[in-house]
2 protein chains.
Amino acid sequence: MNLAPLESFSADALEGVLHLPARLSLHHGGSLTQPLLGWRLAGRADAPIVVALGGISAHRRVFDLQQPREGWWHEVVGPAHSLDTERVRVLGIDYLGGSGQSSAPVADGVFPSLSSYDQAQALCQLLDHLKIARLRAIVGASYGGMVALAFAERFPTRVEKLIVISAADRAHPMATAWRSVQRRIVRFAHSCGRAPEGLELARALAMATYRSPDEFALRFGDQARQSDGRFVFPVEDYLFARGRDYAARYRPESFLCLSESIDLHAVDASRIATPTDLVAVREDQLVPVADMRALALKLPCARLLELSSPHGHDAFLKEAAALKPVFSSCYGVHES
Amino acid sequence: MNLAPLESFSADALEGVLHLPARLSLHHGGSLTQPLLGWRLAGRADAPIVVALGGISAHRRVFDLQQPREGWWHEVVGPAHSLDTERVRVLGIDYLGGSGQSSAPVADGVFPSLSSYDQAQALCQLLDHLKIARLRAIVGASYGGMVALAFAERFPTRVEKLIVISAADRAHPMATAWRSVQRRIVRFAHSCGRAPEGLELARALAMATYRSPDEFALRFGDQARQSDGRFVFPVEDYLFARGRDYAARYRPESFLCLSESIDLHAVDASRIATPTDLVAVREDQLVPVADMRALALKLPCARLLELSSPHGHDAFLKEAAALKPVFSSCYGVHES
């Protein structure tokens, strides 16, 4: 493999920031000039390559042997994990527009709207650079599932199989409602010169949509506490602790960009012939099971697995055991 | 009836602002000094009296023959309506803490936390003033259902019957999550000197929780439009139009007070012996049917009706035909 200067090598991972071709034309108009794409390849070197893509907060570090908690999918992906990196080599990326090392908006700068097709195009250019003719699979959850579908529609010869968890061919209007409010909060706070506080609020709201009412009922039934002369509810403490953590690590401009990209996602499922395993979660408030069932009927070659999980839309991060059999199709035929 | 000076009379309604006893001690501590309570009594003068209480945006004007759209429950309550004001006389109030003529917080003032028990206590004092020994029923939906339950626990001799729609003995933690975010948005905007804009955002979020995903899927499936260089989604236009309307009519301080009061609501259902008809809506995102079923089992004398409605938590405002048989128990025995 011909490594570009920015690329690095450690005992278990190849990592780099790729200069994409000089101009990336975007699906919704406009283009990115000299865009960058952060990537990371880890797992057994001679194993089939699987791309793993998560929600808008995910990044190229899918799992990390040295610092396990830095991997966004560390409960599910790794050696002897549900997606076993002794049997597949995992490629991760920083999303265009996100808070990683890929090209992204900056404060008060102008940045075009990004489509899931644009992420797919950048990923395909990365495959060209890494000389990966064909992926064994793309495993995508949430926004990552949208990008997986967009990739298979545009580049059908470059991937054998999709595993799409909690993502459909377009966003549900109720989920768009919640995300629209989140974006308006961030923009309002930005107009007050306090964008990070807006991101805290938006993330707190997002957390409520990621989990299920049943989980919250079990965890947060206690009495409110009093603080500074007002009541604070247990669930409120939780949401805003998560919101603060998030605002410390992510950029408001990136949140706006990728949140919008979810709502702009719209692929033509009838044109996605790649064999696809769909995983729907009954308690998911953002991607109703009905939308996943409808997608399964539109895709020419799909199977649908329905799970129950109190973690709702976040089930892909938590339900390692339930997902393990789903990933078996990623391994070599002689190994499965 | 001995009308206080502030009271007025029109062809079809008595209306007034009552000076409550000099000091109202509050459930969560503190008190209100010389509180006021706005009220309105309308419907056939010799008919049994029914109190009608709605969500935190409701007020004393339940229905209005002169200006029908000013009545917050005009689709359901009125002459020959589902709750027929030719057969009952309807008493409405402005909630303490709200945006009507009752005592409420003012900008930058200190106002104590209000309980549903406090609303019940004020209502009981109004009954004393109006010399109403015993109500035929309290019909309460959303926050109004909480107040109805609190009233029956505290003043069991003053009401014969409860009809409680989409309200339980306490708030669900997921609903508290959404309301906590709404309150934080308003407080954040207040700290930026822009509280009304925070109220717009909070109300937009609230609207998404009031309706069902199915309703939004039917209404808002169209493409996003472009405006000022960014995409605006159909559901976003809807939510923020509603948010602006709301912010023009309601005070941020009142919203904070009553939103918190919902989350502080906690009654002892086992002590509510008043016969109670519960109405649960399967699509309600704020008050899950499971919570209404659990309440029905805790109440000594309850029946539960489960409805389906795309209007979700707002079904009580819209499902006039489905609610009509529920209200029949409010009429005189010889009339029903």
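Author: What follows covers the aromatic pairs, then the charges over rings, then the chain contact.

This is a predicted model, in which local features need pLDDT of at least 70, side-chain atom pairs count only at pLDDT 80 or more, and totals for chains, interfaces and linings use all residues. Residues are numbered from 1 along each chain as its sequence is written, chains are lettered from A and ligands numbered from 1 in the order in which they are written, and side-chain values use heavy atoms, with hydrogens and water left out.

Start with the rule for pairs. Rings of Phe, Tyr and Trp (its six-membered ring) pair if their centres lie within 6.5 Å; planes under 30 degrees apart are stacked, over 60 edge-to-face, and the rest tilted. Over all chains, that gives 22 aromatic pairs.

One of them joins A:Trp73 and A:Phe316. Their centres are 6.1 Å apart and their planes stand at 75 degrees, an edge-to-face pair. A:Trp73 lies in the loop between strand 6 (49–53) and strand 7 (77–78) of chain A, and A:Phe316 in helix 9 (residues 315–318), so the pair ties together parts 243 residues apart in sequence. Helices (H or I, at least four residues) and strands (E, at least two) are DSSP runs, numbered from the N terminus. A:Trp73 is buried, at 0% relative accessible area. A:Phe316 is buried too, at 5%. Buried means under 20% relative accessible area, exposed over 50%, and partly exposed in between (1.4 Å probe, protein chains only). A:Trp73 and A:Phe316 also belong to one aromatic cluster with A:Trp72 and A:Phe327.

The charged end of A:Arg87 sits over the ring of A:Tyr331, 4.2 Å from its centre. The test is NZ of Lys or CZ of Arg within 6 Å of the ring centre and within 35 degrees of the ring normal.

Another such charge links the two chains. B:Arg184 lies over the face of A:Phe240, 4.0 Å from the ring centre. B:Arg184 also forms a salt bridge with A:Glu236, with the closest N and O atoms 2.9 Å apart. A salt bridge is a side-chain nitrogen of Lys or Arg within 4 Å of a carboxyl oxygen of Asp or Glu. Between chain B and chain A there are four salt bridges. The contact (heavy atoms within 4.5 Å) takes 46 residues from chain B and 46 residues from chain A.
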